[in-house]
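Dear colleague,

I am passing on the structure below, and I would be grateful if you could read the notes that follow alongside it.

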2 protein chains.
Amino acid sequence: MAIIVQKYGGTSVGSLDRIRNVASRIKKLKDEGNSVVAVVSAMGGVTDKLLGMANELTSEPQERELDVLLSTGEQQSIALVCMALKEIGVEAVSVTGRQAGIKTLGSHTRGRINEIDPTLMNQYLAEGKVIICAGFQGLREDGMIHTLGRGGSDLTAIAVASAIKADLCQILTDVDGVYTTDPRVVKNARKLPEISYDEMLEMASSGSKVMQSRSVEFAKKYGVIFEVRSSLNDNPGTLVTEEHDDMESVVIRGVSIERSQARITITGIPDEPGMSARILRCIADTETNIDMIVSNIAHDGLARHSFTMHSNDLGKLQAALKPLINELSDCANILTEAGIAKLSCVGIGMRSHSGVAAKMFEALGEAGINIGIITTSEIKIAVTMDEDNIEEATRVVHEAFNLDKAPVQDS
Amino acid sequence: MAIIVQKYGGTSVGSLDRIRNVASRIKKLKDEGNSVVAVVSAMGGVTDKLLGMANELTSEPQERELDVLLSTGEQQSIALVCMALKEIGVEAVSVTGRQAGIKTLGSHTRGRINEIDPTLMNQYLAEGKVIICAGFQGLREDGMIHTLGRGGSDLTAIAVASAIKADLCQILTDVDGVYTTDPRVVKNARKLPEISYDEMLEMASSGSKVMQSRSVEFAKKYGVIFEVRSSLNDNPGTLVTEEHDDMESVVIRGVSIERSQARITITGIPDEPGMSARILRCIADTETNIDMIVSNIAHDGLARHSFTMHSNDLGKLQAALKPLINELSDCANILTEAGIAKLSCVGIGMRSHSGVAAKMFEALGEAGINIGIITTSEIKIAVTMDEDNIEEATRVVHEAFNLDKAPVQDS
């Protein structure tokens, strides 16, 4: 008998019919002899409706009260799922974040899980009951209701799996798993049977929005192996796990793409200490996320800095940088480029294989695709290009590394 | 500076506009220098919507899960009222039943308040904050979410007022206060400036549905004086309080009426021990509430029992009694009468004044109104009559006791 933690998102419990579907999936697992804890989100649309009311009442709702308000969405879901389970003869009990013993730290609406006291959950499991646990919420040290922010329900599931020493944690979502690349772009993209935490993190930060990075980081930290799979069918998904030796035989695990990017390049900055810091501080003060950062010194001793960001943020950022640049140097200049996209090759195999970048750039060159900025990490190579080329680029890189074929293991 | 507890029902917070209205009422009290705790119900319609979903999922939702589900309604209200208060510059914090320290006993959906630990509320009050407290809910000893059943928000307000030693507790509702009788029936019905707990209890059980008896009983037990007043205007309401000497000078405080009643009379029952018990047990097993009970022995030694009930329950009760009656005696018989109504005169002054019943029956007799069953308590005389006569009867009794005129105090 295994202990299984499942997480169902807002779409999976978005109507009473879907709640019934979730209940029958849980019943199946339970009937097979497993202990089941299901973490559920608010019914799709509920959170937005509550937020809409809050914003209608005041332009800046108190974060403490947003936590009180929004946490009701999950509390409704857990009760309703338990009722659907009763109807099909499964004994289930709901637990709120507080009852699940989820203790949090941090400011309101952005809680971090500090620890979990699973006493009550373990007692219910010992009694043979299915547990339906509210995602996205916990209790702060001072007794306040606390929500966990974006991706909070995934985080709840992984933390609960760790606390009750689950044998398996399943993140059930509206995709079948993690693919070598976006199947809408490359028809023969292949679902990965497994992927390492680090690869998943790089994929997540490169446009594959299956999960928020924080949940993957938490899973890595506590060694929670989890599976991403569909809540709509029974296909096996993708196991996200510690890396093992076999994994290194695959050079590239996947190719992720991010569209609607833009670039700002600042030229003619004197190469003096503190210059980069002033520019980055100016960007940080706009609360804009920048992605790639490349700096270089030209032969004339003047520095050149490039950043990429979502194109929605380009105007705001350019406006913020303008007075600073004028102040820094007479010959400084801001260049911008919108309509670009980013392609990233990710794989822990890169560490032990050479020539990965060469192979990637050759493939792009043969297809006549120009690349812009290049950045690398130990397990990722990312390049920008004209957005018009991103689909073709993804296809040629995917093919160059034979990602449509299951890898042959070294032995 | 006074400490004031207010209770706003579901209608008073039934829309965002009404929530804004509640916020401005609270601000006014606060600006006058008072400490304010407002107990609020779920927004009108929310509880019914949640119950509808529950009943769609299963015919008998678990009561534990109903508590988890329904308590979210009040939790949403408290957050929204705090946001509306922020918008008009009032610092407010919400507290759930748990955070208000409301500790309950009893089975799910029917909680009783056992005690209140007001530590957190007192701390917020000391910090000058307005507190918005969820009605209808508490935390059970075992850590479970617990709702208080019908009238639960009134009960919360009265219990909170007791716990924080409030100077005043206001139950804000959609009526202006407690009237000498239903103003829709008697045009010159008068709003009572005050009424004793016992009178209020008798009025509540006689058709004046301003409040549930349990809240009045709780207030009486803990000596909480409260005012019933309108949430829509600033008119003074009715103070419900301990009785004092002046009160006895008023013979009749009010006349309450209850329509759609029915009567069952069982005749020809042998006058033997245990007979009444068997009949009442049979009624109790149908889970029907009966109201008046009258028994008598005829000269032939056979007993005659009459009961009244809501006419909706007549059929069920007659069917349940039929086999028992046949078993008890060959000459027993069941007679029924629907289309009757009950009129009750209530007043603690009855204790010290004689001739009250005579005056009441004379008034009815002069109007040519026949009366059926008569029951009395120390402070109430109740009679049944044809429902067609109830409005005329109310008018003549109201007039006979001069209820339209403010009483002249004995001195």
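At roughly what angle do the axes of helix H1 (residues 16-31) of chain B and helix H3 (residues 63-87) of chain B cross? This is a predicted model, in which local features need pLDDT of at least 70 and side-chain atom pairs count only at pLDDT 80 or more, while totals for chains, interfaces and linings use all residues. Residues are numbered from 1 along each chain as its sequence is written, and chains are lettered from A and ligands numbered from 1 in the order in which they are written.

To answer the question, the two axes cross at roughly 60° and come within 9 Å, where axes are lines fitted to C-alpha atoms, for helices over the stretch in contact, and angles run from 0 to 180 degrees between N-to-C directions. Helices (H or I, at least four residues) and strands (E, at least two) are DSSP runs, numbered from the N terminus. That angle makes H1(B) oblique to H3(B), given that angles under 35 degrees count as roughly parallel, over 145 as roughly antiparallel, 65 to 115 as roughly perpendicular and the rest as oblique. H1(B) contributes B:Ile19, B:Arg20, B:Val22, B:Ala23, B:Ile26 and B:Lys27 to the contact, and H3(B) contributes B:Leu80, B:Val81, B:Ala84 and B:Leu85; two residues are in contact if their C-beta atoms, placed from the backbone, lie within 7 Å.

In chain A, helix H8 (residues 275-284) and helix H9 (residues 314-328) pack at about 150° with their axes 9 Å apart, and H8(A) and H9(A) are therefore roughly antiparallel to each other. Their contact is made by A:Met275, A:Arg278, A:Ile279, A:Cys282 and A:Ile283 of H8(A), together with A:Leu317, A:Ala320, A:Leu321, A:Leu324 and A:Leu328 of H9(A).

Between the chains, 28 residues of chain A are in contact with 28 residues of chain B. On the chain A side, H3(A) gives the most, with 14 residues.

Finally, B:Gln318 lies in helix H9 (residues 314-328) of chain B and is partly exposed, with 15 other C-beta atoms within 10 Å (20 or more would count as buried, 12 or fewer as exposed, and anything in between as partly exposed, with C-beta atoms placed from the backbone). Not counting residues up to four places away in sequence, B:Gln318 touches B:Ile264, B:Ile334 and B:Thr336, and the C-alpha atoms of B:Gln318 and B:Ile334, 16 residues apart along the chain, are separated by 7.8 Å.

Best regards
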